[in-house]
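The exercises below are to be worked with the sequence and the 3D structure in view.

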Amino acid sequence: MDKTTENAPLTRDRVLDDIAELLEIDRAELEPEDNLVDEGLDSIRIMSLVERWNAAGANVGFVDLAERPTLADWLRVLGL
């Protein structure tokens, strides 16, 4: 992630970009009901997202994401 993105506010677009970056896929490949753990996001990657997103103003924890691993659920949890 470049410094510009790192300091960007948390938006739906940023969340999708961050997930796609860690999965090394094009953002257009993400579907709302994708199980992101099954797609390859392990606990270390999820923690890195939690840290990024909390630094951008979110209030989310690892368990919030790990218990509901679909993209649609993450967007709901993040209020996006």
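**Exercise 1.** Determine whether Ala66 is buried, partly exposed or exposed, and state where Ala66 lies.

*Solution.* Step 1: the relative accessible area of Ala66 is 31%. Step 2: the classes are buried (under 20% relative accessible area), exposed (over 50%) and partly exposed (in between), with a 1.4 Å probe and protein chains only. Ala66 is therefore partly exposed. Step 3: Ala66 is placed in helix H4, residues 62-66; helices (H or I, at least four residues) and strands (E, at least two) are DSSP runs, numbered from the N terminus. Step 4: between the C-alpha atoms of Ala66 and Ser48 there are 13 Å, with 18 residues separating the two along the chain.

Two remarks on the source apply throughout. This is a predicted model, in which local features need pLDDT of at least 70 and side-chain atom pairs count only at pLDDT 80 or more, while totals for chains, interfaces and linings use all residues. Residues are numbered from 1 along each chain as its sequence is written, and side-chain values use heavy atoms, with hydrogens and water left out.

**Exercise 2.** Describe the overall architecture of the protein chain: how many helices and strands are there, and what are the dimensions?

*Solution.* Step 1: the chain has 5 helices and 0 strands, and the order of elements from the N terminus is α-α-α-α-α. Step 2: the radius of gyration, taken over C-alpha atoms, is 11 Å, close to the 12 Å of the globule rule for 80 residues, so the chain is as compact as a globular protein of that length. That rule is 2.2 Å times the number of residues to the power 0.38. Step 3: the C-alpha trace spans about 30 × 25 × 25 Å along its principal axes. Step 4: of the 80 residues, 36% are buried. Step 5: among contacts (heavy atoms within 4.5 Å) with a separation of 6 or more, 52% join residues 24 or more positions apart.

**Exercise 3.** Identify the residues of the largest nonpolar core that touch the most other members, and the elements that supply this core.

*Solution.* Step 1: a nonpolar core is a set of buried Ala, Val, Leu, Ile, Met, Phe, Trp, Tyr and Cys residues joined through side-chain atoms within 4.5 Å. Step 2: the largest such core has 21 residues, and those touching the most other members are Ile19, Leu30, Leu36, Leu41, Trp53 and Trp74. Step 3: two or more residues each come from helix H2 (12-23), helix H3 (43-55) and helix H5 (71-77). H2 gives the largest share, 6 residues. Step 4: in soluble globular proteins, nonpolar side chains tend to be buried together.

**Exercise 4.** Is Ile19 buried or exposed, and which residues does Ile19 touch?

*Solution.* Step 1: Ile19 belongs to helix H2 and is buried, at a relative accessible area of 0%. Step 2: residues up to four places away in sequence being set aside, Ile19 touches Leu30, Leu36, Leu41, Leu49, Trp53, Leu71 and Trp74. Step 3: under the same exclusion, the contacts of Leu30 are Leu16, Ile19, Ala20, Leu23, Ile25, Leu36 and Leu71.

**Exercise 5.** Characterise Glu24 and Ile25 by location and accessibility.

*Solution.* Step 2: Glu24 is exposed, with a relative accessible area of 73%, whereas Ile25 is partly exposed at 28%. Step 3: the phi angle of Glu24 is near 55°, a positive value in a residue other than glycine. Step 4: beyond neighbours within four places in sequence, Ile25 is in contact with Ala20 and Leu30.

**Exercise 6.** Which residues does Val50 touch, and is Val50 buried or exposed?

*Solution.* Step 1: Val50 is in helix H3 and counts as buried at 6% relative accessibility. Step 2: residues up to four places away in sequence not being counted, Val50 touches Val60, Gly61, Phe62 and Leu65. Step 3: Val50 and Arg68, 18 residues apart in sequence, are 14 Å apart in space, C-alpha to C-alpha.
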